[in-house]
Amino acid sequence: MSLLPILRFPDPRLKKPSAPVRDIDENIIRLTRDMAETMYEAPGIGLAANQVDVQKQVIVMDTSETRDRLLVLINPVIVESDGTQVGEEGCLSVPGIYDKIERAERVVVRHLDLQGQEKTIAADGLLAVCLQHEIEHLHGKIFVEHLSRLKQIRIKAKLAKQAKITA
Ligand code: K2U
Ligand code: ZN
């Protein structure tokens, strides 16, 4: 297994929508293992494949306290959503930036598991937020795009300054 570099906002590759997985082969299985290792090490509670520069509809998540309940979702689709909730979000591709984002309170997500079986998850709370956050990544959208244009400009300037300092 290996740690994968995580793309940083505003990298244009994060804006590219991801392609559905047609064949869950050894490459996809290895990708999910590497994504999971990268997510746990970050640490994060979710990671989308395009954050590690793979434009495939694959996400890994673990919102458990014990950090031992890995979820792997292939070609996930939100088929139902209702209610609203507002929570503080961050993103491994936008380090050091946190802000309140409104999301659906409950979602139902249909996806394939690693065995190619169709599964359905009904989620609320943090799991629902994480599912929406990660599925948005697959569509080329990052959580800061929910914020005002002014906030996005300020975030880009802050990250550009950080990049200069660490270069
Ligand atoms: O997509 C990512 O960058 C992973 C996010 C997912 C996420 C963000 C906000 C709310 C729910 C999920 C990272 O896990 S951000 C780091 C983090 C860690 C613990 C709790 C919340 C966010
Ligand atoms: Zn993110």
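**Stop one: ligand 1**

Select ligand 1 and show what surrounds it: 14 residues, the closest being Ile45, Gly46, Leu92, His133 and Glu134 (a residue is near a molecule if one of its heavy atoms lies within 4 Å of it). Before going further, bear in mind that this is a predicted model, in which local features need pLDDT of at least 70, side-chain atom pairs count only at pLDDT 80 or more, and totals for chains, interfaces and linings use all residues. Residues are numbered from 1 along each chain as its sequence is written, chains are lettered from A and ligands numbered from 1 in the order in which they are written, and side-chain values use heavy atoms, with hydrogens and water left out.

Colour that shell by class and you get six nonpolar, six polar and two charged residues. Here Ala, Val, Leu, Ile, Met, Phe, Trp, Tyr, Cys and Pro count as nonpolar, Asp, Glu, Lys and Arg as charged, and the others, Gly among them, as polar. Now highlight helix α2, residues 125–138: it gives the largest share of the shell, six residues. (Helices are DSSP runs of H or I, at least four residues, and strands are runs of E, at least two, numbered from the N terminus.)

Which polar atoms does ligand 1 meet at Leu92, His133 and His137? One ligand oxygen–protein pair is 2.7 Å, to a polar backbone atom of Leu92. Another is 3.0 Å, to a side-chain N or O atom of His133, and there is one of 3.2 Å to a side-chain N or O atom of His137. Taken alone, ligand 1 exposes 480 Å², and the protein buries 82% of that (Shrake-Rupley method, 1.4 Å probe).

**Stop two: the zinc ion**

Next, click on ligand 2, the zinc ion. Its protein donors are Cys91 (SG), His133 (NE2) and His137 (NE2), lying 2.1 to 2.2 Å from it. Donors are N, O and S atoms within 2.8 Å of the metal (3.2 Å for Na, K and Ca), and water is not among the atoms, so sites may look incomplete. In sequence, the spacing reads C-x41-H-x3-H. Cys91 sits in the loop between β4 (85–89) and β5 (99–103), while His137 is in helix α2, 46 residues away, so the pair links distant parts of the chain.

Zoom to Phe9 and Pro10, where the peptide bond is cis, with omega near 5 degrees. Pro10 belongs to the segment before α1 (26–41). A cis bond also joins Ala42 and Pro43, with omega about -10 degrees; Pro43 is in the loop between α1 and β1 (46–48).

Look for Asp53 in the loop between β1 and β2 (58–61).

How values were computed. Polar contact = N/O pair within 3.5 Å; in protein donor to acceptor, adjacent residues only side chain to side chain.
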